[in-house]
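I opened the notebook for this model and listed what to look up.

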Amino acid sequence: MLRIIVPIKQVPDMSQVKFDTEEGRVDRSSAAAEINPFDLNALEAAVQIKEKLGGIITTISMGPRQAESALRDALSRGADDTVLLTDRAFAGADTLATSYTLASAIRKLGEFDLIICGEKTVDGDTGQVGPQIAEHLGIPHVAYVSKLEEVGEKLVVVCEMEGERYLIESDFPVLIAVTKDINTPRLPSLRGKLNARKAEIKTWGAEELSSIAEKGRFGTQGSPTRVHRITIPAEEGRKGRIFRDTSDEAIEEITNALYRYKG
Amino acid sequence: MKDYSGLMVFAEQREGRAHPVSYELLGKGREMADKLGVELSSVLLGNQMEEEARELIYYGADKVFLYDNPVFEDFDLLNYKHNITRLVEEVKPEVFLFGATHLGRSLAPRIAVALGTGLTADCTGLDMSEDGGLIQIRPAFSGNILAHIRTKTRPQVATVRYKVMPSMLRDEHRKGEIIKKDVEIVPSLLTILKKEKLGEKSITEAELIVSGGRGLKKAEDFSLLADLAELLGGAVGSSRPPVDDGWISREHQVGFSGNTVKPKVYIACGISGSPQHLAGMRGADVIVSINSDPSAPIFKMADYGIVGDLYEVIPKLIDRIKGESS
Ligand SMILES: Cc1cc2nc3c(=O)[nH]c(=O)nc-3n(C[C@H](O)[C@H](O)[C@H](O)COP(=O)(O)OP(=O)(O)OC[C@H]3O[C@@H](n4cnc5c(N)ncnc54)[C@H](O)[C@@H]3O)c2cc1C
Ligand SMILES: Cc1cc2nc3c(=O)[nH]c(=O)nc-3n(C[C@H](O)[C@H](O)[C@H](O)COP(=O)(O)OP(=O)(O)OC[C@H]3O[C@@H](n4cnc5c(N)ncnc54)[C@H](O)[C@@H]3O)c2cc1C
């Protein structure tokens with residue numbers, strides 16, 4: 001039976017979120033919050049392993065109180081247990097502090113076999129947190145995993161890196177970060193939804209982690225990088241030669257352009 | 001912080017050849033090092049790589065730290081991390097740059113944690129401020145915004161996207177020093193059982209790309225685009241929806257969650273021009289759009305466009321081009 005941990009992040013729905021070009025602001029209130037789409041693939045991978053081999057899936061999220069709804073959503077999709085890491089002290093974290101906080105909580109949870117992260121998030125968008133958690137915990141990781149080949153005594157995965165495909169074997173414990181190719185996430189089940197509504201969400205703050213973590217490494221204080229400005233590029237645009245029809249003249253001119261520029 | 005000086009570039013190699021992003025980073029690194037009057041070094045790990053180390057000098061490095069050992073022939077995550085981290089602790093560069101390739105984005109986060117320093121992801125711009133601090137510019141929010149990021153710890157580490165920085169011209173007269181370093185081996189923990197090349201040439205290398213989007217009616221219709229691409233000596237690309245539908249494999253996807261391409265010519269067929277798609281192809285020299293909707297945003301980005309049905313336009317182009325060559 002595998003003990004699997006899936007870190008998930010709550011993010012704004014990118015198809016709704018509004019950007020203020022002039023002020024350089026992201027208006028998070030303009031969009032509903034949801035589980036980071038890549039993390040749904042991570043959770044689905046965990047659920048498929050559990051269905052085959054048995055296991056316990058713990059999802060863990062660091063974020064504001066509202067992130068509780070993301071954890072409930074995860075429960076309805078097959079997670080067994082959840083931890084919400086929320087505290088003023090965690091706010092303003094970059095990936096170093098985020099991964100440190102998550103790794104500390106994973107330590108506190110006790111022994112585990114496998115951590116499955118998403119490839120990246122749609123907001124912060126760095127893809128760094130997975131490998132960083134692995135480094136904090138001193139375990140190996142494989143990123144860009146597109147397929148689980150074998151889960152047994154060992155883990156064998158397929159990972160794709162720039163036109164090359166690797167088959168990689170690892171002992172447990174190990175962390176993998178999965179791409180969208182790995183599966184198609186299922187929808188929450190009705191029963192899952194009902195159970196999730198009633199479930200108790202474990203909530204930890206800095207205090208709960210104090211026996212294993214240094215407070216100075218959380219949040220803004222523990223974050224060496226800072227976003228000091230945001231700009232929203234107004235599309236520069238090109239002054240194109242646009243043909244409103246498919247006349248011979250249009251075809252002729254475009255063909256000529258193709259030959260001129262393709263080199 | 002005072003002990004730190006100079007810039008270092010991680011030179012990524014596959015099959016014994018440096019990835020071109022390494023030369024690009026050396027080009028940018030050279031420019032910044034000259035501005036600050038400091039040294040530009042590079043670190044290369046591989047098996048029998050002296051010749052390639054010299055190439056790094058021809059492309060701008062003052063010094064190359066070379067780790068030559070069979071264990072580095074393929075990407076060995078933990079041995080790469082261990083040896084590079086030791087080197088950085090010894091050399092103490094102010095700035096350390098990686099290519100934002102899959103390998104770079106998997107390795108750099110671990111090194112940053114091991115060093116306890118900040119890491120900025122997938123930069124498309126780098127600038128030196130007067131105080132020697134690095135201003136790192138990167139797209140975030142799925143390519144909708146640009147964040148300007150500063151790092152208060154040293155080294156300031158960043159991964160930088162391929163094909164955004166120009167490399168310098170190769171110059172065999174450039175002088176530099178190759179320093180062979182002792183290798184420390186740690187347990188790999190990961191074993192590569194098999195490695196294979198994914199058939200076609202990566203579209204990031206293509207000079208001309210014909211891409212299809214949701215304007216295509218079925219998977220088979222990509223062959224129409226392939227015909228045009230073949231005639232022009234190019235590759236086939238795609239927006240995300242056809243990839244999600246399994247019509248074409250993910251290596252062909254252009255955009256925020258796919259490949260960033262910078263061909264001489266990009267032909268978008270039945271693609272509307274979403275910010276996430278533009279994020280991957282706005283660097284093309286010439287953009288051609290074929291779309292039936294005159295209000296499609298892609299036309300604002302196009303150098304040439306035809307408002308029309310791609311099923312009519314592409315065969316006409318193919319006929320015209322065939323006429324040309326016969
Ligand atoms: C515009 C902008 C730019 C930024 N740029 C940088 C930067 O360059 N460097 C930097 O260090 N920080 C940066 N940050 C901060 C960074 O976004 C946060 O630290 C964030 O908490 C985690 O990073 P991410 O969203 O990039 O996650 P990623 O690294 O992209 O996430 C990978 C995986 O890690 C897990 N995960 C990530 N966050 C959480 C979480 N909070 N709870 C549970 N699991 C999680 C998920 O499985 C996820 O799929 C930036 C923030 C903003 C708003
Ligand atoms: C986190 C995130 C990441 C994303 N990453 C990517 C990415 O990497 N790459 C990407 O492409 N998208 C990405 N997307 C999706 C993106 O938002 C758009 O949904 C997508 O680019 C739209 O693809 P499209 O232009 O092919 O389809 P549509 O927007 O549906 O456009 C189809 C176009 O075809 C035209 N058309 C229809 N029939 C014909 C015809 N017969 N002849 C000519 N024209 C015709 C229509 O007028 C229309 O303009 C991402 C989205 C999110 C949220």
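An N or O atom in the side chain of Asn36(A) lies 3.5 Å from an oxygen atom of ligand 1. Gly118(A) places a backbone N or O atom 3.1 Å from an oxygen atom of ligand 1. For Gly127(A), the distance from a backbone N or O atom to a ligand 1 oxygen is 2.7 Å. I then looked up the cover: the protein buries 93% of the 930 Å² that ligand 1 exposes when taken alone. Accessible areas here come from the Shrake-Rupley method with a 1.4 Å probe; for residues, only the protein chains shown count as cover.

Two notes on the ground rules. The model is predicted, so local features need pLDDT of at least 70 and side-chain atom pairs count only at pLDDT 80 or more, while totals for chains, interfaces and linings use all residues. Residues are numbered from 1 along each chain as its sequence is written, chains are lettered from A and ligands numbered from 1 in the order in which they are written, and side-chain values use heavy atoms, with hydrogens and water left out.

Back to the shell. Ligand 1 sits between chains A and B. I count a residue as near a molecule or strand if one of its heavy atoms lies within 4 Å of it. There are 34 residues around ligand 1, and the nearest are Pro7(A), Lys9(A), Asp39(A), Thr95(A) and Thr126(A). By class, the shell holds 15 nonpolar, 12 polar and 7 charged residues. In this sorting Ala, Val, Leu, Ile, Met, Phe, Trp, Tyr, Cys and Pro are nonpolar, Asp, Glu, Lys and Arg are charged, and the others, Gly among them, are polar. Both chains supply elements with at least two shell residues each, including helix 3 (95-109) of chain A and strand 9 (134-140) of chain B. Helices (H or I, at least four residues) and strands (E, at least two) are DSSP runs, numbered from the N terminus.

Ligand 2 next. Where does ligand 2 lie? I found it between chains A and B. It has 27 residues around it, and Ser239(B), Gln253(B), Ser257(B), Ser272(B) and Gln276(B) are the closest. A polar side-chain atom of Gln276(B) is 2.7 Å from a ligand 2 oxygen. Phe256(B) has a polar backbone atom 3.0 Å from an oxygen atom of ligand 2. The ligand also has a nitrogen atom 3.2 Å from a backbone N or O atom of Ser292(B). On its own ligand 2 has 990 Å² of accessible area, and the protein covers 81% of that. Helix 6 (240-244), helix 7 (275-281) and helix 8 (310-325) of chain B are the elements that give two or more residues to this shell. I noted its classes too: 7 nonpolar, 16 polar and 4 charged residues.

Then I checked the chain contact. With contact meaning heavy atoms within 4.5 Å, chain B brings 85 residues and chain A brings 81. The two chains bury about 7,500 Å² between them, 58% of it on carbon and sulfur atoms. Buried area is the accessible area (1.4 Å probe) that two parts lose on being put together, summed over both.

I looked for salt bridges, meaning a side-chain nitrogen of Lys or Arg within 4 Å of a carboxyl oxygen of Asp or Glu. The count between chain B and chain A is 10. One joins Arg238(A) to Asp303(B), at 2.7 Å from N to O. On the chain B side, helix 4 (residues 102-115) gives the most to the contact, with 9 residues.

Another salt bridge pairs Glu135(A) with Arg110(B), with the closest N and O atoms 2.8 Å apart. That pair runs from helix 4 (residues 129-137) of chain A to helix 4 of chain B.

The peptide bond between Phe172(A) and Pro173(A) is cis, with omega about 0°. Pro173(A) is in the loop between strand 11 (164-170) and strand 12 (174-178) of chain A. Arg154(B) to Pro155(B) is also a cis peptide bond, with omega near -5°. Glu15(B) is not a glycine, yet its phi is positive, about 55°.

Note on methods:
A polar contact is a pair of N or O atoms within 3.5 Å; within protein, one must be able to donate a hydrogen and the other to accept it, and residues adjacent in sequence count only if both atoms are side-chain atoms.
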